[in-house]
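The structure is shown first.

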Amino acid sequence: MTPVRVLLFLALSALVACEHGTRSPDGAAPPASASPAASAATRPYVLHLPPGLDRSKPAQLVVSLHGYGAPSGEAHAHALGLDTLADEQGFVLAMPDGTVDSHGSRFWNASDACCDFDHSGVDDVAYIAWVIDDVSRKVLVDRNRVFVLGHSNGGFLAHRLACELAPRLAGAVSIAGAGWKDASRCKPGAPVSVLEIHGDADIIISMGGGRVFNRQGAEYPSTKDTMAMWLDRDGCGPGGQPAPAPIDFDELVPGAETTRVSYRGCKDDVTVDLWTVGGGTHLPHPSHAGLVALGAWMTAHAAHGR
């Protein structure tokens, strides 16, 4: 990992934003007093186009969703190496910013458990839907290859977006996130592929469930229950199919530490997948091989026929 990425990861791991405004060439931040119903079009995001993008051909779109307190969506995506992966694999990368709370930290209103601690009610589902629309106005986007990929608070939002924007998504990737504790709140309008990547040594968002930062308030479900919710929503068959061999997803954990299980037999050929990072903590440090595997998962899960 480069020194720049190490520094960015250290900044993100503090879970405290280091700036109190938002910036982007694609929008301006709304004032702090803006109502939850304020137009999503006033929110910012950064768009990364890979070198040599053929604008005459539909491109895959990945919307990256940062964790709570990240400096910005762009910094977070760079820290994970998503911009490098986009350049290598030729997909378009959108990097939106969450709004800033009373503690000066960026957040997403993803679920009752995480992480709108001020109860602002900001509509981040509408915002991300607008981002997808706006990118599609700028670039020819393949509507069968639109993915959301989030970490922590962003992982929670990825699950919510899969619940509420499923007809528009090929898949949702959550790293160290969780779905709704009340599974009845997830009502996807179509089957959608879901991948959860979680470290079994994560004490911030535990695989066993709990409360974010041990605060008073709503609980988030266990990884097992989150997976069960998606198996039910996607109508998947019983039993997971392990991948042939573990992979090295986190470069700070020795060896091939990540086991992959895929649940198939789901509606419309979608899958529900769980990658468990043995010894992995809340903040992953994806290896190049891990990023390539992630890219391969998205490539394999295009929503054909929509």
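Does H159 count as buried or exposed?

## H159

The model is a predicted one. H159 counts as buried because its relative accessibility is 2%, and buried means under 20%. H159 is part of helix α5.

Apart from neighbours within four places in sequence, the residues in contact with H159 are S174, G177, A178, G179, V194, E196, T226 and W230.

## Packing of α4 and α5

Helix α4 spans residues 124-138 and helix α5 spans residues 153-164; their axes come within 10 Å and cross at roughly 75°. The two helices are therefore roughly perpendicular.

On the α4 side the contact involves D124, V125 and I128, which meet L157, R160, L161 and E164 of α5. Four residues in this contact are nonpolar, three are charged and none is polar.

## Nonpolar cores

The largest nonpolar core contains 54 residues, and L61, L65, I128, L161 and W230 have the most contacts inside it. At least two residues each come from β2 (59-65), β3 (92-96), α4, β6 (141-151), α5, α6 (223-233) and β11 (272-277). Helix α4 gives the most, with eight residues.

L65 is in contact with H76, P96, W108, I128, V148, L149, G150, H151, G154, L157, A158 and L161, leaving aside its neighbours within four places in sequence. A second, separate core has 27 residues, among them V46, V62, L82 and I197.

Terms used
Residues are numbered from 1 along each chain as its sequence is written. This is a predicted model: local features need pLDDT of at least 70, side-chain atom pairs count only at pLDDT 80 or more; totals for chains, interfaces and linings use all residues. Side-chain values use heavy atoms; hydrogens and water are left out. Axes are lines fitted to C-alpha atoms, for helices over the stretch in contact, and angles run from 0 to 180 degrees between N-to-C directions. Helices (H or I, at least four residues) and strands (E, at least two) are DSSP runs, numbered from the N terminus. Angles under 35 degrees count as roughly parallel, over 145 as roughly antiparallel, 65 to 115 as roughly perpendicular and the rest as oblique. Contact means heavy atoms within 4.5 Å. Ala, Val, Leu, Ile, Met, Phe, Trp, Tyr, Cys and Pro count as nonpolar, Asp, Glu, Lys and Arg as charged, and the others, Gly among them, as polar. Buried means under 20% relative accessible area, exposed over 50%, partly exposed in between (1.4 Å probe, protein chains only). A nonpolar core is a set of buried Ala, Val, Leu, Ile, Met, Phe, Trp, Tyr and Cys residues joined through side-chain atoms within 4.5 Å.
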